[in-house]
Amino acid sequence: MAERLEFLLRNAFPDADELCVEDRTGGGDHFQVTVASPSFDGLSLLDQHRRVNEALTEPLRDGTIHELRIKTRGTST
Amino acid sequence: MSELGDRIKDVIENEPVALFMKGTPQFIMCGNSDRALRALREAGAPVTTVDVLPDAAIRQELSEVSGWPTIPQVFVKGELVGGADITEELGESGELARLLEEKLGEGYRDGAEEHVVDVLSGARA
């Protein structure tokens, strides 16, 4: 399942410097995702998380993701 | 918009700090809601909580209003701050306290009380 999420994020952020999906419990439904991308430069934290949520709309909606932790940053700082 | 939607909007717009969470501060049903509540308490925020669990419609209407897909959701003065990760991150950096001061005034910590609103009945405790 982590692979599916990584695939979706990779498509949404093809230029990401860091892209990591961790299955926090091994159960395939609690995830920690970390994305560092130049496309976040100049965006507020809220908008950065919004972009990640948008990329994961499907698995969030269909219940695949029970819990999602997000960490994002731009690359300019 | 339904009556429920109106009550949700009313909480967002009129409570200084609104936290939509799973469970109540007395009985927290999810670790993320716990993280958001802790960060708000540490910053001394006057938190009004809404439990989204009693009816799935609460979650659906809330996400329609906010455009945010997950729970918890934190609002300060009607504005979405974010979910647990953002609230926690802002809390750790001290930015959350700065935001609260800016939006609610310097003395926001004084006499900060917690309230619980039931959006199904409209009751506020």
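Is the crossing of α2(B) and α4(B) left-handed or right-handed? I looked, and the crossing is left-handed. I note at the start that this is a predicted model.

**Entry: the helix pair**

I stayed with these two helices. In chain B, helix α2 spans residues 31-42 and helix α4 spans residues 84-93. Their axes come within 9 Å and cross at roughly 30°. Angles under 35 degrees count as roughly parallel, and α2(B) and α4(B) are therefore roughly parallel to each other.

Next I listed who makes the contact. From α2(B) I wrote down N32(B), R35(B), A36(B), A39(B), L40(B) and E42(B). From α4(B) come A84(B), T87(B), E88(B) and G91(B). I sorted these residues by class: four are nonpolar, three polar and three charged.

**Entry: chain B as a whole**

I found five helices and seven strands in chain B. Along the sequence they run α-β-β-β-α-β-α-β-β-α-α-β. The radius of gyration is 13 Å, close to the 14 Å that the globule rule gives for 125 residues, so chain B is as compact as a globular protein of that length. I also checked the box filled by the C-alpha atoms of chain B: roughly 35 × 25 × 25 Å along the principal axes.

How much of chain B is buried? I got 39% of its 125 residues. Then I turned to contacts between residues at least 6 apart in sequence. Of these, 66% join residues at least 24 apart.

**Entry: two backbone details in chain B**

I found a cis peptide bond between I71(B) and P72(B), with omega about 5°. P72(B) sits in the loop between α3 (56-66) and β5 (73-76) of chain B.

I then moved to the loop between β5 and β6 (79-82) of chain B, where K77(B) lies. K77(B) is not a glycine, yet its phi is positive, about 50°. A residue needs 20 or more to be buried and 12 or fewer to be exposed.

**Entry: where chain A touches chain B**

Last, I looked at the contact between the chains. Chain A puts in ten residues and chain B nine. On the chain A side, α2 (45-55) and β3 (67-73) each supply at least two residues. Which element of chain A gives the most? I found that β3(A) does, with five residues. By class, the chain A side holds five nonpolar, two polar and three charged residues.

Key:
Residues are numbered from 1 along each chain as its sequence is written. Chains are lettered from A and ligands numbered from 1 in the order in which they are written. This is a predicted model: local features need pLDDT of at least 70, side-chain atom pairs count only at pLDDT 80 or more; totals for chains, interfaces and linings use all residues. Helices (H or I, at least four residues) and strands (E, at least two) are DSSP runs, numbered from the N terminus. The radius of gyration is taken over C-alpha atoms; the globule rule is 2.2 Å times the number of residues to the power 0.38. A residue is buried if 20 or more other C-beta atoms lie within 10 Å of its own, exposed if 12 or fewer, and partly exposed in between; C-beta atoms are placed from the backbone. Two residues are in contact if their C-beta atoms, placed from the backbone, lie within 7 Å. Axes are lines fitted to C-alpha atoms, for helices over the stretch in contact, and angles run from 0 to 180 degrees between N-to-C directions. Angles under 35 degrees count as roughly parallel, over 145 as roughly antiparallel, 65 to 115 as roughly perpendicular and the rest as oblique. A crossing is left-handed if the near helix is turned anticlockwise from the far one by less than a right angle, and right-handed if clockwise. Ala, Val, Leu, Ile, Met, Phe, Trp, Tyr, Cys and Pro count as nonpolar, Asp, Glu, Lys and Arg as charged, and the others, Gly among them, as polar.
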